[in-house]
Amino acid sequence: MTLAAAGQFCATGSMAENLASVKTLFHKSVEAGAKALFLPEASDYIARSPAETVALAKPIDQSEFVIGIQEELRNLDTPLEVSVGIHEAVENEDRCKNVLLWINSRGEVTQRYQKLHLFDVNLKNGPILMESRSVQPGQEVLRPFDTVLGKIGYAICYDIRFPEHSLRLRTLGADVITYPSAFTVRTGQAHWELLGRSRAVDTQTYVIMPAQVGAHDPEGKRRSWGHAMIIDPWGTVLAQCADTDSDPRICIADIDLEVVKKVRTDMPLWQQRRGVDVYGYDV
């Protein structure tokens, strides 16, 4: 078994402030004995407008936020690996990319995933968010990769509503799937835990859901649901962050690959799954 931490904090438009919050989560994770920390979507910043979202984005190797993370990891006394969501600039484009990085304990970026499904939603009496105005969609599923926790599959926030993505990650070998997010309060209240537990049961993987929480601007125009959590392959919520405030928090749980093996042996879904013969496609 290996201990994982899911982080929760409230990002603003200040990368320096957000980096300070992330460093706090690093030290909380190390003190708790975690070997890997999962940070939310858009940990580098949450801007006030689509134009500001694009203006603040930088190439990964020029981002002071990413560089700060790399330096901090190299200086930790105890090795820690980190999954972190950031924005990535696109040269000569009026949109950026919403990406998820894996950074090892030596501060090296070893994996990068670009969000496939963009949150374009206009809810009655709720938020109007059009992510595609400032963000380019990705075009491919990242193959799960080896880590201290097992094979991790990458997805981001709104991707969780598309089960074919998680099913594909399981088929490709994922033991753990992470959904770093900035869920709205309205959608979070209704669907956050439901979706996380559903994807865990669908795929028989651990699901790790780091989360943004609280008001991202002084006016409170944009708020995130929080409730970062870790769910086991049977759909049980093992750990969850409180949302009593927006302070940086972690929740921790053991990732036990023997549990993954037992759940899949007791209920062998991938041996029983129908595919192209009835659905017209395989996952």
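These legends describe close-up views of a predicted model.

**View 1. Helix H1 packs against helix H3.** Helix H1 covers residues 15-32, and helix H3 covers residues 64-75. Their axes come within 10 Å and cross at roughly 25°. Angles under 35 degrees count as roughly parallel, so H1 is roughly parallel to H3. The crossing of H1 and H3 is right-handed.

**View 2. Residues at the contact of H1 with H3.** H1 contributes Met15, Asn18, Leu19, Val22, Lys23, Phe26 and His27. H3 contributes Glu64, Phe65, Gly68, Ile69, Glu72 and Leu73. By class, seven residues of this contact are nonpolar, three are polar and three are charged.

**View 3. Helix H4 packs against helix H5.** H4 spans residues 163-171, and H5 spans 185-203. The axes of H4 and H5 lie 9 Å apart, at an angle of about 40°. H4 and H5 are therefore oblique to each other. Their crossing is right-handed.

**View 4. Residues at the contact of H4 with H5.** On the H4 side are Pro163, Ser166, Leu167 and Arg170. They meet Arg199, Asp202 and Thr203 of H5. The contact of H4 with H5 has two nonpolar, two polar and three charged residues.

**View 5. The largest pocket.** This pocket holds about 900 Å³ of space. Its lining consists of 37 residues. Closest to the pocket centre are Ile46, Ala47, Ile128, Leu129 and Arg222. By class, the lining of the largest pocket has 16 nonpolar, nine polar and twelve charged residues.

**View 6. The second largest pocket.** The volume here is about 160 Å³. Leu167, Thr171, Trp270, Arg273 and Arg274 are among the lining residues. Gly275, Tyr279, Tyr281, Asp282 and Val283 also line this pocket. The lining of the second largest pocket divides into five nonpolar, two polar and three charged residues.

Terms used:
Residues are numbered from 1 along each chain as its sequence is written. This is a predicted model: local features need pLDDT of at least 70, side-chain atom pairs count only at pLDDT 80 or more; totals for chains, interfaces and linings use all residues. Side-chain values use heavy atoms; hydrogens and water are left out. Axes are lines fitted to C-alpha atoms, for helices over the stretch in contact, and angles run from 0 to 180 degrees between N-to-C directions. Helices (H or I, at least four residues) and strands (E, at least two) are DSSP runs, numbered from the N terminus. Angles under 35 degrees count as roughly parallel, over 145 as roughly antiparallel, 65 to 115 as roughly perpendicular and the rest as oblique. A crossing is left-handed if the near helix is turned anticlockwise from the far one by less than a right angle, and right-handed if clockwise. Contact means heavy atoms within 4.5 Å. Ala, Val, Leu, Ile, Met, Phe, Trp, Tyr, Cys and Pro count as nonpolar, Asp, Glu, Lys and Arg as charged, and the others, Gly among them, as polar. On a 1 Å grid over the protein atoms alone, a cavity is a set of points where a 1.4 Å probe fits but cannot get out, and a pocket is an open set with protein on both sides within 12 Å along at least five of seven lines; lining residues have an atom within 4 Å of a point. Grid points are joined across faces, edges and corners, and a volume is the space filled by probe spheres set on the points.
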